[in-house]
Amino acid sequence: MLLVAAVAPGVVAASVRGSPDLDLYLADNRVTPGEETQLSVTIQNTGDIDSGGSPANEARVTTARGTTLEMRESNAPITIKSGKVAAGSVPEGTSPPIPFSVVVDEDAEPGTYTIPIRVSYTYTNQISDRSPFAQQQRSVSETHDVTIVVEEESRFEVVGTSSDASVGDSGTVTVEVQNVGSAPAEDATISVQSPNSDVTLGAGAQTAESFVGSWAAGETKSVTYRVNVADDAERRSYSLQTTVSYENEEGEQVQTSPLATGFVPSGAQEFDIGNVESNLRVDAEGTIRGQIANTGDIVARNAVLVIDTQTQNLNPVETEVALGTLEPGQASEFAFDIEVGEEASAGPRQFTFHLEYRNNEGEKRQSDPLDTQVAVGEKKKEFSVAAVNATVTGGQSTILEVAVTNNGDETLTDISAKLFADSPLSTSDDEAFIQSLEPGETATIEFAVSADAAALEKNYPISMDFQYDNQQGDTKLSDTYQLPVQVTEPEDGGLPVIPIAAGALAIALIGLYVLYRRQ
């Protein structure tokens with residue numbers, strides 16, 4: 001009996017029985033609506049020994065091996081991004097944090113929520129001290145709950161961005177930010193930063209900010225900043241990073257992570273000149289006409305087209321034409337009167353224009369030079385003259401009729417004609433007057449012309465010019481015009497010279513004979 005009593009306790013002590021005892025905790029269980037975060041799960045294994053033995057065997061029966069954790073969907077307002085996570089062997093004590101990636105719903109209501117986590121593992125529940133091969137293995141799957149707290153706090157989102165800036169110009173950019181959280185913000189400031197050097201804010205800085213004060217949950221704040229886009233910037237989307245700094249309900253200063261937004265500037269403001277026509281001629285006043293179109297993306301207000309010419313003998317009467325407002329895609333007609341000097345040469349000439357206007361901000365802007373070529377025609381005589389009756393008999397007079405035509409493009413008035421004649425022609429009436437001549441109109445004027453009796457039978461030149469007033473009221477003197485006048489002999493031809501001389505000689509001889517007889 002003593003032997004059995006001595007052996008029995010040994011039999012009891014020969015086997016170690018136990019199991020892991022796991023609890024799950026979240027190191028930080030506070031989350032914010034709309035954020036993507038990691039929930040770090042910690043496993044605490046307190047172990048459960050039913051029958052003790054050596055420390056090594058006790059450690060074996062309380063260790064969870066091949067441990068995996070799987071976070072399950074529940075009524076919690078989160079989306080689980082992580083799948084099954086392996087934790088390996090978990091002995092007694094506390095495991096390292098095991099991260100799970102989750103996204104909290106944008107519209108998550110503040111409150112406390114439970115999340116189930118399925119834990120699976122194996123363990124050795126009994127070990128015999130007499131034989132290391134006398135072991136019993138078990139597999140376990142069990143569900144543990146952890147809790148998260150969705151906090152009430154301010155949260156912000158960019159809900160709109162607009163800009164009227166264009167490439168190579170300044171404008172404004174407006175950013176609309178909404179407090180989509182569940183708590184108000186105090187002493188809030190909205191900051192906008194441009195990470196690209198082609199876009200600057202204000203007077204050329206990369207950052208600008210605006211104080212917006214108290215900000216209720218659900219309220220939208222709108223801030224506007226001046227933005228400048230470089231001349232060589234591309235027309236594409238430019239990023240703007242928006243941050244909100246504020247004081248929360250606990251009086252703590254908070255700054256959000258950058259909220260990405262952006263804008264696309266309009267294309268560079270451009271204009272185009274087309275449909276250019278002119279009637280310019282040497283030594284005359286003409287007109288350049290055409291159209292200028294706004295081919296850019298912004299409105300050109302109070303537009304004025306200015307003509308630039310440094311060419312001698314080409315003088316604009318006026319150098320500016322007011323066009324008013326040019327909407328994108330709109331064209332407006334223009335006309336400039338140009339005086340072409342008598343020393344000018346005919347041929348193509350280049351004229352340069354530029355448009356002065358005000359942009360959306362009321363700032364004065366000037367376009368790039370706009371070049372166009374215009375032909376200057378040869379000098380055109382003001383009048384065409386033709387003799388209607390240009391024959392005069394030697395020793396007689398006639399009325400010379402001259403048809404005068406206005407060759408120009410404007411009506412001429414107070415036209416005074418002056419006739420000049422040289423021997424053997426002469427004139428006793430050398431002036432004529434035409435009250436007005438419209439373009440292409442013809443009038444006939446008359447002059448008294450005489451020819452000397454000794455004039456030979458042929459054409460002799462006479463010349464004439466005109467003094468007149470143009471439509472601008474300027475008095476001009478025309479070029480000199482020449483006309484041929486034909487001199488003819490009288491129709492009776494007169495007495496022959498030789499018979500007259502013979503008769504005179506005969507009379508003289510008779511006279512001498514009579515005188516001789518008397519003596």
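1. A surface patch here joins like charges within 9 Å, using residues with over 30% relative accessible area and no salt bridge. A salt bridge is a side-chain nitrogen of Lys or Arg within 4 Å of a carboxyl oxygen of Asp or Glu. Asp and Glu count as negative. By these terms, Glu152, Glu186, Asp187, Glu249, Glu250 and Glu252 form a negative patch.

2. This is a predicted model: local features need pLDDT of at least 70, and side-chain atom pairs count only at pLDDT 80 or more. Residues are numbered from 1 along each chain, and side-chain values use heavy atoms.

3. Glu249 sits in the loop between strand S19 (238-247) and strand S20 (253-255); strands are DSSP runs of at least two residues. Glu249 is exposed, at 51% relative accessible area (exposed is over 50%, buried under 20%, with a 1.4 Å probe).

4. There are 11 aromatic pairs in the structure (ring centres within 6.5 Å; planes under 30 degrees apart are stacked, over 60 edge-to-face, the rest tilted). Phe156 and Trp215 make a tilted pair, 4.6 Å centre to centre with 50 degrees between the planes. Phe156 is in strand S13 and Trp215 in strand S17, so the pair ties together parts 59 residues apart in sequence. Both Phe156 and Trp215 are buried.

5. Phe334 and Phe353 also form a tilted pair, at 5.5 Å and 55 degrees. Phe334 belongs to strand S27 and Phe353 to strand S28, so this pair links parts 19 residues apart in sequence. Phe334 is buried at 4% relative accessibility, and Phe353 is buried at 0%.

6. One cluster deserves a look. Phe383, Phe466, Tyr468 and Tyr481 are linked by ring pairs.

Methods:
Patches are made of residues with over 30% relative accessible area and no salt bridge: like charges are joined within 9 Å, nonpolar side chains (Val, Leu, Ile, Met, Phe, Trp, Tyr) within 5 Å. Accessible areas come from the Shrake-Rupley method with a 1.4 Å probe; for residues, only the protein chains shown count as cover. The place of a charge is taken as NZ of Lys, CZ of Arg, CG of Asp or CD of Glu. Helices (H or I, at least four residues) and strands (E, at least two) are DSSP runs, numbered from the N terminus. Rings of Phe, Tyr and Trp (its six-membered ring) pair if their centres lie within 6.5 Å; planes under 30 degrees apart count as stacked, over 60 as edge-to-face and the rest as tilted.
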